[in-house]
Amino acid sequence: MAEQAPAIGFVSLGCPKNLVDSERILTQLRAEGYAMVPGYEDADLVIVNTCGFIDAAVEESLETIGEALDANGRVIVTGCLGVRADDIRERYPRVLGVTGPHAYEAVMALVHEHLPAPHDPWTSLIPPQGVKLTPRHYAYLKISEGCNHRCKFCIIPSLRGDLVSRPLGEVVAEAQRLVESGVRELLVVSQDTSAYGLDLKYRTDFVQGRPMETRLASLAKALGELPAWVRLHYVYPYPQVDQVIPLMAEGAILPYLDMPLQHGSERILMSMGRPAATEKVLDRLAAWRRDCPELVIRSTFIVGYPGETEADFEELLDFLREVQLDRVGGFTYSPVAGAAANALPDQVPEELKEERLQRFMDVQAGISADKLARRKGQRMIVLVDEVLEDHVLARGPGDAPEIDGQVIIDGAWEVEPGDFVEVEIRGSDAHDLFAEMVE
């Protein structure tokens, strides 16, 4: 009788970049013959990939470690919170080991120490795209680690280091394997996607024998040749993005940019350590929209940053009204242990933060509702995410999974997740579109 494979439980917290780290670890575990189980109780060992970006995420990570220890007792901790190993061990001295982010070899070494591999990895069978945590029809494609910015509210550089870009050929080869496995949408992620290749001085790499510079435009062009949607996340409004907009206009990649602008007051942006030329941002976005009228821009903003006055907040609202973004996320400022912003004077009271956030979201809801209402009567190609008994949930080119709205198709249809279908928009609200299938 074959020996039962050792079982591992895995919890992945945090952002898509963390999710990619989890996928790489899971791929190696499966390659070496470990079994994956969904619960703590059936696992021989549990791995928790943590987030340490804001205090709420830190607390969620610590609580998850505690839950895993209580239910299982054998826990390895990795991820961003792992850089604070002393804090983790002080609270949970029973953890088997702690590593930092993207420390794949260190995680596997701990697993081997406490739960030896069942057989030689050369004999293991895994799918060529590796183990994925996303639905089969879309996947995150991480193109770099770390960040060169020093925003005062962020500790990512201290957690993940400076920018380290992956070789262009390696990234495109991974994308090719994903598409061949059935992925229909590639979501390009990093901490600063527009800086891709900067650390490598944009050196030449080879994609299927073709020499190409390691930079965002080259990457977008190569990915655009694959039979899948390509969506760019975490793109800063830099001049090099100008070279990507024509690819969107011609349909090579999706006309979508996820661009974290953070605020609309130049005084607050300077305090954050962010680029503060809001007029240049407005000019650049206007030029992009002229060149690609279908462009959808999503962004995130922080409300209640230390020192934010009512006048600063009104500037933010005015900026929001002027820039007319399609998709927006808003968050109240949350202190992060180790962030420079913690020492800033004039911290905004929590009650006032929440009140401003509500006003902010009310303004954006009106903008979003107006923009979506203009879609009525239009036809578009959408990607099916979920098929229910009496309706289908899908997304259009302007909708990223989990963070944006959906296209809700009325009726029962014989389609499957990952199918592209044509719909006609019949209505909308502040976030979603309602559509009928075009037969």
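**Entry 1: aromatic pairs**

I searched the whole structure for aromatic pairs and found 7. I counted rings of Phe, Tyr and Trp (its six-membered ring) as a pair if their centres lie within 6.5 Å; planes under 30 degrees apart are stacked, over 60 edge-to-face, and the rest tilted. One of the pairs is formed by Phe301 and Phe360, and it is tilted, with 5.6 Å from centre to centre and 55° between the planes. This pair links distant parts of the chain, since Phe301 is in strand β14 (residues 296–303) and Phe360 in helix α12 (residues 350–373), 59 residues apart. I took helices (H or I, at least four residues) and strands (E, at least two) as DSSP runs, numbered from the N terminus.

Tyr305 lies in the loop between β14 and α11 (310–323), and Tyr333 in the loop between β15 (327–332) and α12, so the pair ties together parts 28 residues apart in sequence. Tyr305 is buried at 0%, and Tyr333 is buried at 4%. Ring pairs join Phe153, Tyr305 and Tyr333 into a cluster.

**Entry 2: what kind of model this is**

I noted that this is a predicted model, in which local features need pLDDT of at least 70, side-chain atom pairs count only at pLDDT 80 or more, and totals for chains, interfaces and linings use all residues. Residues are numbered from 1 along each chain as its sequence is written, and side-chain values use heavy atoms, with hydrogens and water left out.

The pLDDT, the predictor's confidence in each residue from 0 to 100, averages 90 over the chain, and 96% of the residues score at least 70.

**Entry 3: strand β6 and Lys142**

Is Lys142 buried or exposed? I found Lys142 in strand β6 (residues 138–142), and it is buried, with a relative accessible area of 1%. The side chain of Lys142 makes a polar contact of 2.7 Å with the side chain of Glu145. A polar contact is a pair of N or O atoms within 3.5 Å; within protein, one must be able to donate a hydrogen and the other to accept it, and residues adjacent in sequence count only if both atoms are side-chain atoms. Not counting residues up to four places away in sequence, Lys142 touches several residues, among them Lys17, Asp21, Tyr104 and Val189; contact means heavy atoms within 4.5 Å.

The whole of β6 is largely enclosed by the rest of the structure, because 5 of its 5 residues are buried. Tyr138, Tyr140 and Lys142 are buried on one side of β6, and Ala139 and Leu141 on the other. Strand β6 runs parallel to strand β9 (residues 185–189) and is joined to it by 5 bridges; two strands pair if DSSP finds at least two bridges between them. The bridge partner of Tyr138 in β9 is Glu185.

**Entry 4: an open sheet and a closed barrel**

I traced an open sheet of 5 strands in the order β2-β1-β3-β4-β5, with parallel pairing. Its edge strands are β2 (35–37) and β5 (97–98), each of which pairs on one side only. Strand β1 (residues 7–12) is joined to strand β3 (residues 45–50) by 5 bridges, and Val11 has Val48 as its bridge partner in β3.

I also traced a closed barrel of 5 strands, β16-β17-β18-β20-β19, with mixed pairing. In it, β19 (residues 420–428) and β20 (residues 433–437) pair in the antiparallel sense over 5 bridges. Gly427 stands opposite Phe434 in β20.

Why do I call helix α7 (residues 216–223) largely enclosed by the rest of the structure? The reason is that 7 of the 8 residues of α7 are buried, including Leu216, Ser218 and Leu223.

In helix α6 (residues 168–180) I looked up Gly169. Gly169 is buried, at 16%, and it touches Asp205, Phe206 and Val207, not counting residues up to four places away in sequence.

Terms used:
Buried < 20%, exposed > 50% of the residue type's maximum accessible area, 1.4 Å probe, protein only.
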